[in-house]
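Me: I have a model open and would like to talk through a few of its parts with you. Can we start once it is on screen?

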Amino acid sequence: MAARLQIKHKLLLWFSGLVGLILLAFSTYVYLSYVDFRQDSFTTRLTRKANVAHQVLGDTIVSHVLASLPEQAEYLYAPDNTPLYSSLHGQDFQPTPEFLAQVRQEKEYAFSFSSPSHQYPKDGVAITYHSPDAPGEYVAIVTAYDSNGYTRQYTLLNSLLYGNLMAVVLVAGLGLLFASRALAPLNFLIRQLRAPGSQAASFRLQASNPHDEVGVLAMAFNDLLTRQEALAASQQAFIAQASHELRTPLTTIKGWLETSLDYDSDVTSLKEGISHAAHELDKLTELTNGLLHLARLGGITPHLDRQPLEVMDILLDVIDTVQHQRPQQRLSLDVGEGVERQAVPPTVFGNRHLLRTALVNLVDNACKYSAEQPVALRLTMNTDQGIRLYIEDQGVGIAPADMQFIFQPLIRGSNTQHIQGFGIGLTLAHEILQLHQGVLQLLPRPGGGTIAEVSLPLLKG
């Protein structure tokens, strides 16, 4: 049931409940304080009456004068508990020997007792005194019914109950108004989301106050919409570019095969046509594998198989792989002094296959765009918790205008169109390094070329 309530109703219940509890606690304190005050003040009056009563002893005339409290009654008892005096109203209290003994022990004793003809108990005070003519302790008792005090106490109780009830009703009404006003900005956002134009790609929320929490929420939602719009545009561009890239080799393959079927009459020409088609088919296979690999990375993060990996072991494997693919390419590896001073080999925590793929793509890219100029690898310590790899080539470099798009799939530099490639390698490397909490930066190299800077966190020992 609570899950179905709107926020304003929950706020109303909490607000009213808290205010009601505060009022109840305060009212209870006031009522109990008055009860104690009534009891103490009436007991004080009874004590004064008892101190006077034993002095007049059995003088009934003076006793009538003293009886200023409702249903006041006086009792006097000798040291042997013999009754010496009882007023006309002294018909509903009969002290026991144990009671008189307790009075003599405490010297002054306040008490209350039930009276059949009253809703509330009657109060009394008993004191001890000495007579100059006889030894021993006498006991004087005065009882009365505090009708005025109990009436005020009952009136106070009713006033507090009805007052609290009215206060809770008033608080509930004000709380509903407060909750509605407080949630008005949220309702304003909801109405915008439900409006017909909210399905448009350019839709953005408008906040009544951009500086409060609801305004910050609207801005965060708008930022999310902007990122989603950019992602959707990127995906559409990727699909369009991928379709174009896939269509090109397919068209070329079809052209070579149709030409061979229509015009190649000898085996040599036929083999040449089929060879060109097979070469284009290899390019198509490479492009398709790259696209599949890139698409697969999007859902691999939760299931990434990780293990401790020595950085030097991976680097030597990468260099050996690239050197085998490009036997004429000159590669060098420089290991910094900070790396050599490490007590244990620098180790990262990640997936060996993916990390190796990223570094192979980076080194192979450097070789491909270097026109067989030397490519240098340099490994240094970034901090005590990180390592940094520099891959420097002496190629054509990256045009400044291309820097912001360089990691997007199927996007190639404007000065690299004469070099074969699909624009997937850098994207793959960038995505894989992000999965390993790493950072990839492409920087211009002084004198020409590009520096690929890879930063990776080390495995904590």
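Me: what span should helix H8 have at 1.5 Å a residue, and how far apart are its end C-alpha atoms?
Reply: The 15 residues of H8 (residues 311-325) should span 21 Å at 1.5 Å a residue, taking the expected span as 1.5 Å times one less than the number of residues, and the end C-alpha atoms are 21 Å apart, which agrees. Helices here are DSSP runs of H or I with at least four residues, and strands are runs of E with at least two, numbered from the N terminus. This is a predicted model, where local features need pLDDT of at least 70, side-chain atom pairs count only at pLDDT 80 or more, and totals for chains, interfaces and linings use all residues. Residues are numbered from 1 along each chain as its sequence is written, and side-chain values use heavy atoms, with hydrogens and water left out.

Me: which residues of H8 are buried?
Reply: Val311, Ile314, Leu315, Val318, Ile319, Thr321 and Val322 are buried, meaning under 20% relative accessible area, with exposed over 50% and partly exposed in between (1.4 Å probe, protein chains only). They cover an arc of only 165° around the axis, which puts them on the same side of H8; the arc is that of the directions from the helix axis to the C-beta atoms.

Me: and what is exposed on the other side of H8?
Reply: Asp320 and His324 are exposed there.

Me: switching topic, in what order do the 5 strands of the open sheet come?
Reply: The order is E2-E1-E5-E4-E3, with antiparallel pairing, where two strands pair if DSSP finds at least two bridges between them. Strands E2 (83-86) and E3 (108-113) are the edges, each pairing on one side only.
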